[in-house]
Every structure is written in C-alpha cells, then in structure tokens.
Amino acid sequence: MAEELTVSSHIKHHLQNLAFGRKHELVDEQNNLWEPTGSWGFATSSSEAAQMGFWSIHVDTMLMSITLGALMMWYFRSVAKKASAGVPTAMQNFAEWIVEFIDTTVRGSFSGGKTTFVAPLALTIFGWVFLMNLMDLVPVDIIPFLVQHTTAYFVADLSPHEVYFKIVPTTDINAPLGMAITVLLLIIFFSIKIKGVGGFFGELAFQPFGKKMLPFNFALEVVTLLAKPFSLAMRLFGNLYAGEMIFILIAIMYSAGMVIGSLGALLQVGWAIFHILIITLQAFIFMVLTVVYLDMAHQEHH
Amino acid sequence: MNINATLIGQSIAFLFFVGFCMKYVWPPIMQALEERKKKIADGLAAAERGRHEQELAEKRAQQVIYEAKDKANEIISQAQRRGNEIVDEAKGDARVEGEKIMASTKVEIEQEANRVREELRSQVAAVALTGAAKILSREIDDKAHTDLLEELVSQI
C-alpha cells in the first residue's frame, strides 16, 4: 500500500512512532473494523498502530532514550571512575561543571535534608532529557530516511513508507509521561515516608477548608497532586512536539522551489538556534520542578 | 500518538538510570570535588602562612639592618672621638717637648753668650793693653794706666 508522498502524508509519517504489538488487519473498510491477526510485529500504518491498544510499545522511543541514557551514564561513569582531586582533564572538567551546577541548583531549591537521592535524580533528569531533546536538532529527515530504506532493503515485503521512526523520544507523549508518573510515585513515596500514611492522606483530606469540607478538600488536593506530574509531562511534550512540528513544516518548504527553499534554510537555522535554548530550558525546568515537588513532599504542611 | 506500554518502559529505564547515577556516578564525582575543595583550601592556607612568615622575616631583617647601622654609627663616632683625642694628645706632647727644647736651647745660648762675653772681656782687656802699650809706650805709667783700664774693662 504505497501511498503517494503528499505534504499531509509526510507530516503524518513524521508523527507516527515505530509501534510493536499485536498485528491487526482491516477486515471491513467501510465500518473501519480491525481484527487481530494473532501474531506480533511492527505496525505498518498509523491506523494499525492505533488498534494495537495499550500493550504495544514504541520501539524507536525506547531505543533512542535508552541509547542516549546509556551514553550519558557511560560518560559520567568513565569520569567518576577516574575522578581525582588532582588537575582535572577536559572531560572530567566538563562533567564536574555539570555536576556542580546541578548540585548548586538542588541545594538552592531542596531543603528536605540530604541530597543523596535528589541530586543524582536531578542530574539524570537534566542530562537525559537534554540529550533526548537534543535529537530535535538532527535534521528531521536524515535518520528516519536511513532507517526506512535500510529496513525496507532487508525486509522484502515492506515499502519504506510502512516503516516509521521518530528520533526525538520527548515528542512521544509516553516518554515524558512515563517520567512524570515516576516522579508522581516518588512524591507519594517521600510524602508517606516523611509524614506517614496518615499524614499524607490528612494533607489530602483536611485542607484547605477543614474537616467539614472533606470530600471537597480531597477532590481539590488530588487534582493538585495529579496536576503536578501531568503539567510536567505536558510542558516538555508540548514544547518539543511543537518544535518538531515547525522543523517538519520548514522541511516541507524545501520542496517548494529555490526561493522558498532558501527562505526555509534561513528559517531552519534561526529556529535551530532558538531551539538550543528551548531544549536546555525544558530539561532544566523538568529537573527544577521535580526537585521542587520532592521538596514539597518533604515539607510538613504549608 | 498513542499512550501505551512505552510509558512503563520509560519509567523503568528512568528509575534504572537514576539508580545507576546515584550509586556509581554521583558519589565519586562529589567526593573528588570535595577533596579538591579541601586541597585548594589547604593550599591557600599554606600560602597565607608562608606570606605571613615572609613578612615576619622581612621585619626581622629590617630590624637587624637598623641595629647594624646603629652599631656602625656608634663605632664611627667612637673612632672619631678617639682620633680627636689622639690628635689632641699629640698636640699637647709636641707643645711640651717644644717648650722643653726651647728652654734648654735658651740656657745653652745664654751659657755660650756668657762664655763668649768672658772671653771677649779677657781678650779686650789684653788687646787694649797691648794696643795702648804700643801706642803710648813711653809715657805711660804702667801702674796708673792699668788701673784705669781695669776700670774700663769692668764696664764692658
């Protein structure tokens, strides 16, 4: 089913992850009825990916994020192994600069005692999210193009259009949301650890309006609690998704002739420079807000 | 854009990386940073101490120089005083010696003069006698004239 390459199919293609799950096939085109085929594999269209339901996985997101995370950890570990109080090498200097920056930031916003957990958490978030965001600066078509054509070359019955690949994990809602849910679990864990189960639920139920308004309090505080990680995920996702979308739209300008194409090149450079700021800022915001939320979880009442 | 199990995968990967960072990355780097901080602080303190010691030594050296200058001045003035004394002494000695020499010379001169005067006196008397005897040989009363001459000689 080789579609014609139109602007809208190009955009759609860029917005679809490489999903792995139970294969489905369209049995009734008029009613859009899909049936599982009983085997597992990669979705070959957006509609099929949508049919796979919750128990499918975005292989590109996982691959890119784990590769980037491992890369970061490998770098910091190699520095940590050789870390000494002597004159630092350039590589050690850079890592120490980041670590020191994170340490200062965490100490500035976290008042709940030792930072032995929060500081490494902040470093991981900052470094990892930054690297995942950084993939946004790789020209949008290069890696998907390579992946599509190599896969299609090796797998005979696939056309390049049926292979999807998104290289920016943070433009897949699952990645930021997965991290945010982990942050939510950490908030709950530390709240209970510091204030006890009673203290935590007391905070949820008995304020801000006292015991008489318990259901109302509860509803309000649960929304507050859930809004924290949700906004965290949405902010990161929204910024990166929008940025990616603009890169895709600029890329489309290249197919509109010399004049508009050169304008597109200019825009691309401008947007990329601006985006360096955004990706760093978003990584920083995710980190700082996580630290602040955990700090609030450590506080006894407001 | 579907929400699916990637969520769980991401959470697990996230926790794994945080754990790894917490166990193998953060502590060694922080330890190295702390150690370096301490080392630098120690170094700065040592430098400060060194500078302080140098200041003290300079002060001490200055003091030694002043003392030496004082001593030298004292020695010089003492020497000058001593020199003056020696010159004065020598002057005094010379004057005394000179006076002594002058006095003895005067005595000698006087003695010589007296001796010459005696000699002259005796010789003048004789010469005058001889002369007078020769000129006035005949008419002279030896006796009377000798008395006269004796008187004349005694007047010299």
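How many residues does the contact take from chain A and from chain B? In this predicted model, chain A gives 41 residues to the contact and chain B gives 30 residues.

## The interface between the chains

On the side of chain A that touches chain B, several elements supply at least two residues each: helix 2 (46-51), strand 3 (57-58), helix 3, helix 4 (90-109), helix 5 (118-134) and helix 7 (174-205). Helix 3 of chain A provides the largest share of that side, with 10 residues.

By class, the residues on the side of chain A that touches chain B comprise 27 nonpolar, 10 polar and four charged.

## Helix 3 of chain A against helix 1 of chain B

Two packed helices are described by the angle between their axes and the distance between the axes. For helix 3 (residues 59-82) of chain A and helix 1 (residues 6-135) of chain B, the axes come within 9 Å and cross at roughly 5 degrees. An angle under 35 degrees counts as roughly parallel, and therefore helix 3 of chain A is roughly parallel to helix 1 of chain B.

From helix 3 of chain A, the residues that make this contact include A:Thr61, A:Met62, A:Ser65, A:Ile66, A:Gly69 and A:Met73. The contact of helix 3 of chain A with helix 1 of chain B has 14 nonpolar, six polar and one charged residues.

## Packing within chain A

Helix 3 of chain A also packs with helix 4 of chain A, at an angle of about 110 degrees and with the axes 10 Å apart. Angles of 65 to 115 degrees count as roughly perpendicular, and helix 3 of chain A and helix 4 of chain A are therefore roughly perpendicular to each other.

In this pair, A:Tyr75, A:Phe76, A:Val79 and A:Lys82 of helix 3 of chain A meet A:Met91, A:Gln92 and A:Ala95 of helix 4 of chain A. The residues of the contact of helix 3 of chain A with helix 4 of chain A are five nonpolar, one polar and one charged.

## The form of each chain

Chain A has nine helices and three strands. Its elements follow the order α-β-β-α-β-α-α-α-α-α-α-α from the N terminus. The C-alpha atoms of chain A fill a box of roughly 60 × 60 × 40 Å along the principal axes.

In chain B, helix 1 has 130 residues and reaches 182 Å from its first C-alpha to its last, close to the 194 Å expected. Helix 1 of chain B bends by about 40 degrees at B:Cys21.

## Confidence of the prediction

Chain A has a mean pLDDT of 87, and 97% of its residues reach 70 or more. Among the elements of chain A, helix 1 (residues 7-14) of chain A has the lowest mean pLDDT, 80, and helix 5 of chain A has the highest, 94.

For chain B the average pLDDT is 90, with 96% of the residues scoring at least 70. The model scores ipTM 0.88 and pTM 0.75.

How values were computed:
Residues are numbered from 1 along each chain as its sequence is written. Chains are lettered from A and ligands numbered from 1 in the order in which they are written. This is a predicted model: local features need pLDDT of at least 70, side-chain atom pairs count only at pLDDT 80 or more; totals for chains, interfaces and linings use all residues. Axes are lines fitted to C-alpha atoms, for helices over the stretch in contact, and angles run from 0 to 180 degrees between N-to-C directions. Helices (H or I, at least four residues) and strands (E, at least two) are DSSP runs, numbered from the N terminus. Angles under 35 degrees count as roughly parallel, over 145 as roughly antiparallel, 65 to 115 as roughly perpendicular and the rest as oblique. Two residues are in contact if their C-beta atoms, placed from the backbone, lie within 7 Å. Ala, Val, Leu, Ile, Met, Phe, Trp, Tyr, Cys and Pro count as nonpolar, Asp, Glu, Lys and Arg as charged, and the others, Gly among them, as polar. pLDDT is the predictor's confidence in each residue, from 0 to 100. The expected span of a helix is 1.5 Å times one less than its number of residues. The bend at a residue is the angle between axes fitted to the seven residues ending there and the seven starting there.
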